[in-house]
Amino acid sequence: MNSKLSSDIKAEAKRLGFSACGVAKAERVNQEEERHLRRWLRDGMNADMTWMGNYLEKRINPCLLMDGVRSIISVAMSYAPAKNLPKGEPQIAAYALGQDYHDVVKHKLHKLATYIYGPENVQTANYRAFVDSGPVLERYWAQRAGIGFVGKNRQLIIPKAGSMFFLGELFVDFETDYDEPMNNKCGSCTCCIDHCPTHALSMEHDFDAKLCLSYQTIENRKELSETAKKNMGNVIYGCDKCQQWCPWNRYATPNNIPEFQPKEELLSMTSEKWRSLSIDDYRRLFKGSAVKRGKYDGLMRNIKNYFNNYK
């Protein structure tokens, strides 16, 4: 194995702005993870997000995703906010305050690949980059790569850093030194479970997506559930409660990635501005933003509920 290559990759990842980087051997997931995933899908815990069950064999075995893959380089990039929306006004999840993370993180992953293979070879190199795309179990691989552990809130938690991180992976065709997987460090803490507004998190059922406010306010294209309507509070897109109550996030350091900083126009939004948000306002305000995933009609549905139940 090549320990210098591994350390050089991690140093370059840090230079590119990644908060953490680790490497795992590309292989079929362990039996415990496979059983958990199959049971979770069988029980309908993915709500109507049927895509989570697509290409199941490839999710379980990354070697089916890329011919010749030998290693999975896992990276994390912080989105802990340096600025928040004004208190007392409608809120959106921290991950969506800046530009769409898919583009930002993937661009940097390709830069990392250029460093690894060399600018003269990268165009023909055998690698793939994933950022919340493709059938990749990104939290599992981040844990296998020693970056952090999957907490009871089902987020990837990095000790003394928290859980507000975007994850990405480079599938590469060579072997190097591999990092030790990290064990769970939640202990007896159940803060995320105790403070989940809709009980989407539970020691009994793990995580039920259809109950989650993030699912309800972003992925759900239908009417909000009655439970969601009653528990949304002042959040009109997503939900950060399981992260806000996690003790590890006391250590979170605000990110300094320019693309993840919120626009001044977004910071100046008031309740009345949200109420009268036109589709043109929406397109301008969220150009290049992950908020566009929820669509204009979905966001206005959430805003309407805010005024019906919170104001």
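**View 1. The lining of the second largest cavity has 6 nonpolar, 4 polar and 1 charged residues.** This is a predicted model, where local features need pLDDT of at least 70, side-chain atom pairs count only at pLDDT 80 or more, and totals for chains, interfaces and linings use all residues. Residues are numbered from 1 along each chain as its sequence is written, and side-chain values use heavy atoms, with hydrogens and water left out. The volume of this cavity is about 50 Å³. Its lining includes Leu97, Gly98, Pro262, Lys263 and Phe286. A cavity is a set of points, on a 1 Å grid over the protein atoms alone, where a 1.4 Å probe fits but cannot get out; lining residues have an atom within 4 Å of a point. Grid points are joined across faces, edges and corners, and a volume is the space filled by probe spheres set on the points. Ala, Val, Leu, Ile, Met, Phe, Trp, Tyr, Cys and Pro count as nonpolar, Asp, Glu, Lys and Arg as charged, and the others, Gly among them, as polar.

**View 2. The largest cavity holds about 60 Å³ of space.** The structure has 2 cavities of 30 Å³ or more. Thirteen residues line the largest one, and Tyr79, Ala94, Leu97, Gly98 and Phe260 lie nearest its centre. By class, 8 of the lining residues are nonpolar, 4 polar and 1 charged. Domain 1 (1–80 + 98–172) and domain 2 (190–310) each supply at least three residues to this lining. The domain bounds come from an automatic or database domain assignment.

**View 3. The largest nonpolar core has 57 residues.** Ile73, Tyr95, Leu170, Trp274 and Leu299 touch the most other members. Helix H4 (residues 101–117) gives the most to this core: 8 residues. At least three core residues come from each of domain 1 (1–80 + 98–172) and domain 2 (190–310). A nonpolar core is a set of buried Ala, Val, Leu, Ile, Met, Phe, Trp, Tyr and Cys residues joined through side-chain atoms within 4.5 Å. Buried means under 20% relative accessible area, exposed over 50%, and partly exposed in between (1.4 Å probe, protein chains only). Helices (H or I, at least four residues) are DSSP runs, numbered from the N terminus.

**View 4. The count of disulfides is 0.** A disulfide is counted for a pair of cysteine sulfur atoms within 2.5 Å. Cys192 is buried, at 7% relative accessible area. The closest cysteine sulfur to that of Cys192 is in Cys186, 6.4 Å away, too far for a bond.

Technical notes: On a 1 Å grid over the protein atoms alone, a cavity is a set of points where a 1.4 Å probe fits but cannot get out, and a pocket is an open set with protein on both sides within 12 Å along at least five of seven lines; lining residues have an atom within 4 Å of a point. Helices (H or I, at least four residues) and strands (E, at least two) are DSSP runs, numbered from the N terminus.
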